[in-house]
Amino acid sequence: MSEDPVKAAQAASFDAAADTYERARPGYPEEAVAWLLETRPRDVLDLGAGTGKLTRALVGRVDTIHAVDPSPNMLAQLRAAVPSARTAVGTAEEIPLPDASVDAVLAAQAWHWVDTRRAVPQVRRVLRPGGVLGLIWNVRDESVPWVAQLTQIMQGSAAERYVAEDRVPQDLGPVERLTLRWERPFTRESLLDLVASRSYVITATPEARAEILDRVSELLASHPDLADPDSWRIPYRTAAYRISLA
Ligand SMILES: C[S@@+](CC[C@H](N)C(=O)[O-])C[C@H]1O[C@@H](n2cnc3c(N)ncnc32)[C@H](O)[C@@H]1O
């Protein structure tokens with residue numbers, strides 16, 4: 001967990017909104033998942049696995065799936081979606097797995113929440129020789145004007161504020177990168193859910209949350225690029241990193 005109390009509270013906030021999170025958040029592009037698994041790991045840990053948005057894409061592709069997350073409610077959703085996963089409440093700073101027990105550690109939309117100073121040695125500990133740390137984030141494409149306005153209303157997410165190349169550990173081994181662009185259709189309800197699933201909004205006061213949701217509704221009703229609901233798409237950039245243990 002982070003030593004910054006605001007960030008720590010936001011990191012812990014997902015527990016209270018697991019249903020909304022599961023409904024609202026996107027999964028990860030197939031091409032990016034295949035790329036993360038290119039080394040053909042047999043035993044994989046999904047770290048900060050949440051409701052299992054990435055975990056479910058591992059089914060049938062690896063032998064053993066471990067899923068670790070500090071939130072029991074997120075893990076309950078994960079178990080319903082991926083009954084074969086071995087779940088455990090835990091954190092990246094204290095991974096509840098034995099030494100040299102997995103071939104890959106994957107963190108989807110989660111690495112920005114961890115204290116990397118403490119998490120990197122833990123990742124090194126649980127990985128077998130030749131193992132891989134895979135990091136992946138979906139980030140909305142802010143170059144699209146209405147998306148930039150949406151972000152302004154929602155105050156930006158932790159992923160956007162904390163995703164930076166310098167969070168990707170450079171001292172584990174060589175780093176490879178993949179960037180993909182894609183779009184996801186949405187409705188008024190699903191966009192409001194997406195907004196409501198964000199840590200900043202979950203931890204806001206009820207009044208502030210209602211105001212944010214009102215402003216998002218207003219944006220949908222008034223932005224000229226959103227005049228046709230049939231064409232509503234959120235543009236995403238997916239950034240993935242593969243770090244092989246040297
Ligand atoms: C944005 S969600 C991502 C969940 C899932 N990986 C996905 O792709 O949808 C962030 C997750 O990180 C978890 N998390 C927060 N702090 C953590 C920590 N220190 N170690 C591991 N996971 C953490 C939260 O409980 C939450 O489930």
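The structure is a predicted model, in which local features require pLDDT of at least 70 and side-chain atom pairs count only at pLDDT 80 or more, whereas totals for chains, interfaces and linings use all residues. Residues are numbered from 1 along each chain as its sequence is written, and side-chain values use heavy atoms, with hydrogens and water left out.

The ligand is surrounded by 21 residues, the closest being Tyr21, Tyr28, Gly48, Asp69 and Ala108, where a residue is near a molecule if one of its heavy atoms lies within 4 Å of it. This shell comprises 13 nonpolar, five polar and three charged residues. In this classification Ala, Val, Leu, Ile, Met, Phe, Trp, Tyr, Cys and Pro are nonpolar, Asp, Glu, Lys and Arg are charged, and the others, Gly among them, are polar.

Thr51 occupies the loop between strand E1 (43–47) and helix H4 (55–58); helices (H or I, at least four residues) and strands (E, at least two) are DSSP runs numbered from the N terminus. Thr51 is classed as buried because its relative accessibility is 0%, the classes being buried (under 20% relative accessible area), exposed (over 50%) and partly exposed (in between), with a 1.4 Å probe and protein chains only. Apart from neighbours within four places in sequence, the contacts of Thr51 (heavy atoms within 4.5 Å) are Ala18, Tyr21, Glu22, Arg56, Met74, Gln77, Leu78 and Ala81.

In helix H6 (residues 116–126), the buried residues are Ala119, Val120, Gln122, Val123 and Val126. Viewed down the axis of H6, these buried residues fall within an arc of 165° and therefore line one face of the helix, the arc being that of the directions from the helix axis to the C-beta atoms. The buried residues of H6 pack against E1, strand E4 (102–108) and strand E5 (127–140).

Helix H1 (residues 5–12) has Lys7, Ala8, Gln10 and Ala11 as buried residues. These residues cover an arc of only 165° around the axis, so they lie on the same side of H1. The exposed residues Pro5 and Val6 are carried on the face of H1 turned away from its buried side.

Positive phi values occur at two non-glycine positions. For Ala100, phi is near 45°; Ala100 belongs to the loop between strand E3 (86–89) and E4 and is partly exposed, at 40% relative accessibility. For Gln109, phi is about 55°. Gln109 is situated in the loop between E4 and H6 and is buried, with a relative accessible area of 13%.

Asn73, a residue of helix H5 (residues 72–81), is partly exposed, with a relative accessible area of 39%. Beyond neighbours within four places in sequence, Asn73 contacts Asp15 and Ala18. Asn73 and Arg209 are separated by 136 residues in sequence and by 21 Å in space, C-alpha to C-alpha.
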